[in-house]
Amino acid sequence: MDSELNQLVQAILIASDPTSGNLHQQALEYLATVQQNSPNTWRLALSLFVECNPDGSRKYPPQARFFALRVLDEFFDNRFDPLDDESFQTLRHSLISYIQSEYLYGSAESNAPFLRNKFSHTLTLFFLCTYLEQWPTFFADLFSLIRPSESTSQSTFNSHVSLLFFHIVLEISGEVADQMIKAARTFSAARHGRDTRVRDAVRERDAASINEAVLVIVAEGVGRMTKLRKMDVGGAATSAQDLDSAEEVVDYGIRTFASYVGWIDINLTVTPTTVPLLFTLFSDASLPIRLATSGALTKIVTKGLKEPVDKLQLIKVLSLGQVLDALETKTRGEQAIRGSDVDEGEESYREALGRLLNVFGLELCKLIEESTTDDVRNDANQLLSQILPVLLRFMADEYDDTCSTIFPLLQNVLGSYKRQRKSSSDPLDDTKRSFLNSLLNVILQKLKWDEEADPEDVDEDDRGAFEELRKDLRTFMDSALVIDQQLVSDALSSLALNTLNAFQNGVQVKWHDAELAIYLVYIFGEINKTGSKGRAAFCQTPAAVAKEKRKETDYSEYPLTRHGEMLYALMQSGISSYPHKAVAMQFFETAARYGDFFKVRKDCIVPTLRAMLDTRGLHNPDTRLRPRVFYLFHRFIKEDRNEISTDVAISLLDNIRDLLTVEVELPEIEDEREPLTEAVNNPSMFDSQLYLFETAGTLVSLFYKEPERASALLLSVVKPLLDQMSTNLRAVKGPDDLLPILTVHHDIMALGNVAKGYPDYPSPVPDNYVPPPLDVFSQVAQAILVSLEAMNVFRVVRDATRFAFTRVLATTGPSITHLIPPLMANLLAHCEPTELNDFMNFIGLLVHKLLNEMFDVLDQLIGPLSSHINDLLSQPITGTDDQFTHTETKRAYLTLLNSIMSAGLHGIFISDRNKGSLETLLSSMQRLAEDLSDPSGQRIAYQFLGRCVSIWAQPPIANGNAQAQSQGLPGFERFVYERLIPASFGVLSSPQFNFKDGQMLVVLHEICNFLQTVSKTRGEETFSFFATVFLPSQNWPPEAALEFATKLRDLDSKAFKKYLADFVRASRSSS
């Protein structure tokens, strides 16, 4: 065995050294084999772990012995049959001997402390598979080692063995009773049953002795602590070590006690002895002991008891309310004495106190809600009322982690108040109203930033945590509002108005008070849900103002709502000038959020815009803030554009011109990434600048009544961009000229956003419509097209061009459609497969906006595009990315075809240029409709085919409407009858058609729509076809064929879908 052990040790040492080259991997594989073969290698592992040198030291290194324990774990874990007697005795004797030599007489692995926890776990696994039948005296044997008869040391109990005992009980509790551990591993019925039997056996045999041993050891440790603390330890290192040892024993003893409280008899754990002991330790000088005691009390409080009376009695015995009240007061006083000197340990103790109060209160709430006895409910209510002031004090703690410990309890209390409020119309009683009032005061204080904090300098995690806290606090305000709306509204508005008025009157206001006042105005619209929207949320009109009269109505004569008053006070206070960035930013956020307010108090618009324009906002020297202000300014102008005069608009435009210079940033690019794409996708200042370009377009659009001036202003905005684009276009010599390429991209995007600021071209065009400066936009479109022609090899330029043309076309309507054919040609010249979908979506958007104006363009485009798509779809699929691209391309193509049909442009498919390809197109649509691997594609294909039928399958009408006659395509009905209808029935009868798949059911519904479209279009001809031709050819009985044809003709869409679904299911089950 020695040679095997040496070989194993060598393998472990090599495996622990990654620099061992090829031997490292071989060693790992060898060790994995040893571990997996634990039924045959456990003896080797046992020797490796326990063998000693002649001097009593362990023979093998710690890492080798750690691996030995892993092998033993593998052997014991998930073992549900007894060991043979020889193996059991060998293991038991070796492990007991090891405990005696290492823990009773040795240093308890002082040179390798990590082995202690590992050994505790291994011994626990051995216990689990032997306790029931082979080692029922496990605990008795362990107790005999804790206080051996021959011990002559000054300590009554051996601390090493005591700690081992505690660790083992902790491990056992975790294995047999901890639901989190159980949930984390794969469920095994055998293991679950074994663990349940072990738990029951421990309860029956040893629970009392385990509990007694734990408490006696803890009591002895407390006595030692008391004695040692009274001694003047000064420089006595030995005494200090003894005290640390005693505290460690007590700490682990209480943790052990807490671990089994939940699964043994409560009469063992809650006694006249244990309760005073726990409360003594709850205020001990040692922080770990206090935290452990808090955990133990939590487990006791949450212990499940069948009878509510028993639970109430347990709560009364503990008297936790008074204890927590006293400890909260004590620790808060200590916190105040420490001041800015933070003690994280003591703060964690306050957190523990808060968590204990939270679970204590939740247990009381549960008694109130679930008990059927009035006395129990009344007593629990009284106890809950007593701890609510303590709850508020914890909530007011300056540390958010402590504050949030009681949130679940607070949510529960407010929930019960809301339920009582809904079930009774009586006014809120004074006690609850007083609690709500105090709660609101605490919430309003907690909503503040720390005065010493800088919101712009705090890291993202801290800022996110504060925003999350504000979100939680707002939830509590929402609940309080439901309970007493007047109270909450008064509290919020009073604080906000008092602060704003104080600032306006020259009173010095701290920055975080100012920010909070504006924040309350900001959230008031969410919290005070009055149901009013638009102007009515801010202004009390005598009756609803008709939509067409809103612009001419003078709202300044109507009184403001409460929120309107708060916003007006905010605007009048001048607080936007407060010299703190957070205050100004909150002001801008509020102004941009409530654009409708400025429609009822127009005198507030210019002061607000003035604040946004200067160094507080758009021209703020802090580049971290400016991007957000760019967006808020854009949002404000967009919302209130109709309230801005042209005089104000020209002033605004002049004030932002210096910001309309394209900023190009080249980020650091990793070698493997495409630099242009990375540069475009990386967030930059330019992304926010685009809002300003759009805003510039919006401001120029306000001059629509002065066409010449509007044209000149628009040209003054776009000409610098056009000049810059032209200059950089000439500078591009190849793909390495990143800066000029990106500049051209940015210029195109900026031009597109200028167009985006204009209203969409109307359809239909009203009589008094004044078009935008079409000559300037035509110049813009021409310039973009020239850039594209020169740079169509760069995808970023193609993407930007698609965007810009979409916006320019939306603004100008059909006036630049003559540029679309060369645009399409250049976009397609180097189009990548992943880009093709965006291109087709772009075409679909143009079809939707321009309708008949797109006929000639589509007539030229559809043939080459369909050919390109079919070639792409016929390519073999080599991976998941290919599959995704293939599916998305197919979907975009089908969607485009449907858009063309819906827009009435179906004539392109049968034009002189494309009619020769119609049969190919229809055949490909049939294949897609039959492709059961892609139900989504099938659905859209059937929609297209249905539209084709409704147009091209129309029968000739004698002496009828000439237009209707011209719609029909001679012979198309034969294609429908001979190919599409058989294909549809083939889909429904296919073994791959799975009714349980929701997508397949949608396909069935689309087939129903298709068949009914055929029936409605061709009339009695379709009835005769199904009844006498097609269905009989499929071996349907005459009665069934007639029934189907009749249902198809007579039922509405919903009824026919149900009929066909039931019919197909029935035919499946009978076959």
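I began with Ser-319, which sits in the loop between α16 (308–318) and α17 (320–338). I am reading a predicted model throughout. The phi of Ser-319 is near 50°, a positive value in a residue that is not glycine. Most residues other than glycine have a negative phi, so I noted the surroundings too. Ser-319 has a relative accessible area of 29%, so I list Ser-319 as partly exposed.

I then looked up Asn-1035, another entry with positive phi: the angle is about 70°, and the residue is not a glycine. Asn-1035 lies in the loop between α46 (1020–1033) and α47 (1038–1050). Is Asn-1035 buried or exposed? I find Asn-1035 exposed, because its relative accessibility is 71%.

Next I checked peptide bonds. Most peptide bonds are trans. Ser-763 and Pro-764 are joined by a cis peptide bond, with omega about -5°. I placed Pro-764 in the loop between α34 (738–756) and α35 (774–791).

**Cysteines**

How many disulfides does a search of the whole structure find? I get 0. A disulfide is a covalent bond between two cysteine sulfur atoms. I took Cys-604 as a case to follow up. The closest cysteine sulfur to that of Cys-604 belongs to Cys-539 and is 12 Å away, which is too far for a bond; the cut-off I apply is 2.5 Å. Cys-604 is buried, at 1% relative accessibility. I also looked up Cys-129, which counts as buried at 11% relative accessibility.

**Nonpolar core**

In soluble globular proteins, nonpolar side chains tend to be buried together. I recorded 359 residues in the largest nonpolar core. The residues with the most contacts inside this core are Phe-165, Met-395, Phe-909, Ile-981, Phe-1026 and Phe-1044. Which helix gives the most to this core? The helix is α25 (residues 511–527), with 12 residues.

I opened the contact list of Ile-981, leaving out residues up to four places away in sequence. Ile-981 touches Val-976, Leu-1011 and Val-1014, and also the phenylalanines Phe-1010, Phe-1025, Phe-1026 and Phe-1030. Phe-1026 from this list is also among the core residues with the most contacts.

**Largest pocket**

I read a volume of about 1000 Å³ for the largest pocket. The lining has 29 residues, and those closest to the pocket centre are Glu-398, Tyr-399, Asp-400, Lys-446 and Asp-450. Two or more lining residues come from each of α18 (344–370), α20 (400–403), α22 (430–446) and α23 (460–483). I noted α23 as giving the most, with 6 residues. By class I count 12 charged, 11 nonpolar and 6 polar residues in this lining.

**Second largest pocket**

For the second largest pocket I read about 740 Å³. Its lining has 25 residues; Ser-701, Leu-702, Tyr-704, Lys-705 and Pro-759 are the closest to the centre. Which elements give two or more residues to this lining? I found α32 (685–701) and α33 (707–731). I recorded the lining of the second largest pocket as 15 nonpolar, 5 polar and 5 charged residues.

How values were computed:
Residues numbered from 1 in each chain as written. Predicted model: local features only at pLDDT ≥ 70, side-chain atom pairs only at ≥ 80, totals over all residues. Heavy atoms only, no water. 1 Å grid on protein atoms, 1.4 Å probe; cavity = no way out; pocket = protein on both sides within 12 Å on 5 of 7 lines; lining within 4 Å. Points joined across faces, edges and corners; volume = space filled by probe spheres on them. Helix = DSSP H or I, 4+ residues; strand = E, 2+ residues; numbered from the N terminus. Nonpolar A, V, L, I, M, F, W, Y, C, P; charged D, E, K, R; others polar. Buried < 20%, exposed > 50% of the residue type's maximum accessible area, 1.4 Å probe, protein only. Core = buried A, V, L, I, M, F, W, Y, C linked by side-chain atoms within 4.5 Å. Contact = heavy atoms within 4.5 Å.
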